[in-house]
Amino acid sequence: MSLKVAPSVIAGNQAELGLEIKRIDEAGADLIHLDVMDGHFVPNLTMGPGVVKDLRSYTGLPFDCHLMLSQPGKYIEAFAKAGADRISVHVEVAGVGEVLKGIRALGKQVGLVINPKTPASAADRYLEDIDFLLVMTVEPGFYGQKLIFDALDKVPTLRQTLRTLGRDIPIQVDGGVTIENAYQIAQAGADEVVAGAAVFKAADYKAAISRLKNPVAVS
Ligand code: DX5
Ligand code: ZN
């Protein structure tokens, strides 16, 4: 079993984001996860498209922009132009169907995010329109929280629904991922993990990423 790893730079040193991105690229990251927060959809603030644009030159890896915004439709074009390769938006947001179409029209990979308290079935009507699914395993807003295992139970459910539809798309798990729980996440059927603290608070980024990529069962 193996997982793709998308380190979330929110847990890195914010005064040297470009360098942190370079370091995780060299340490074997598959994607760069950029958490965009508006202080309204979630109780925290992070980066805008200007920061994403200036970070673009630090790596050739895909930018995975997770928009935690009440009105993501207003900003998708700006993030696309800034260099996002993937843009994911929350199913809890009003008019999300239109936003998914907008991301598609911009030629970017389309992601749908589901919060821990939102039932898996909320995603059903959009599954034909997306390129990947992101299952949140913490309440979004802050890195370094503990994984909510009940939320992880949605992964096999969604995998089954996708199979029924003949859709073979990646499922990403975001929130509270650690070297200790990565095996269970892979077993649940996830393909990719977002990891903030598990990478950036580790002494050795490369070792942390490699252990997340090849998770082993902990007894
Ligand atoms: C939470 C963000 C996550 C999170 C990841 O709002 O979407 O990407 O910061 O950080 P860890 O892995 O530390 O939970
Ligand atoms: Zn995220």
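## A proline in a loop

Let's start with Pro-170, which sits in the loop between helix 6 (154-165) and strand 7. Helices (H or I, at least four residues) and strands (E, at least two) are DSSP runs, numbered from the N terminus. This is a predicted model, where local features need pLDDT of at least 70 and side-chain atom pairs count only at pLDDT 80 or more, while totals for chains, interfaces and linings use all residues. Residues are numbered from 1 along each chain as its sequence is written, chains are lettered from A and ligands numbered from 1 in the order in which they are written, and side-chain values use heavy atoms, with hydrogens and water left out.

Pro-170 and Glu-192 are 22 residues apart in sequence, yet 7.1 Å apart in space from C-alpha to C-alpha.

## The zinc site

Which residues hold the zinc ion (ligand 2)? Its protein donors are His-33 (NE2), Asp-35 (OD), His-66 (ND1) and Asp-174 (OD), at 2.1 to 2.3 Å. Donors here are N, O and S atoms within 2.8 Å of the metal (3.2 Å for Na, K and Ca), and sites may look incomplete because water is not among the atoms. Along the chain, the donors follow the spacing H-x1-D-x30-H-x107-D. His-33 in strand 2 (residues 32-37) and Asp-174 in strand 7 (residues 171-174) are 141 residues apart, a pair that links distant parts of the chain.

## The largest pocket

The largest pocket has a volume of about 270 Å³, the space filled by probe spheres set on joined grid points. A pocket is an open set of points on a 1 Å grid over the protein atoms alone, where a 1.4 Å probe fits and protein lies on both sides within 12 Å along at least five of seven lines; lining residues have an atom within 4 Å of a point.

The lining has 26 residues, and Phe-142, Tyr-143, Gly-144, Gly-175 and Gly-176 lie nearest the centre. Strand 2, strand 3 (63-68), strand 8 (192-195) and helix 8 (197-200) each supply at least two lining residues. The lining divides into 13 nonpolar, nine polar and four charged residues (Ala, Val, Leu, Ile, Met, Phe, Trp, Tyr, Cys and Pro count as nonpolar, Asp, Glu, Lys and Arg as charged, and the others, Gly among them, as polar).

## Exposed residues

Look next at helix 2 (residues 49-55), where you will find Asp-54. Asp-54 counts as exposed because its relative accessibility is 54%. The C-alpha atoms of Asp-54 and Gly-83, 29 residues apart along the chain, are separated by 9.2 Å. Lys-53 also lies in helix 2 and is exposed, with a relative accessible area of 54%.

Pro-43 lies in the loop between strand 2 and helix 2 and counts as exposed, at 60% relative accessibility. Its C-alpha atom is separated by 8.5 Å from that of Phe-142, 99 residues apart along the chain.

Notes
Buried means under 20% relative accessible area, exposed over 50%, partly exposed in between (1.4 Å probe, protein chains only).
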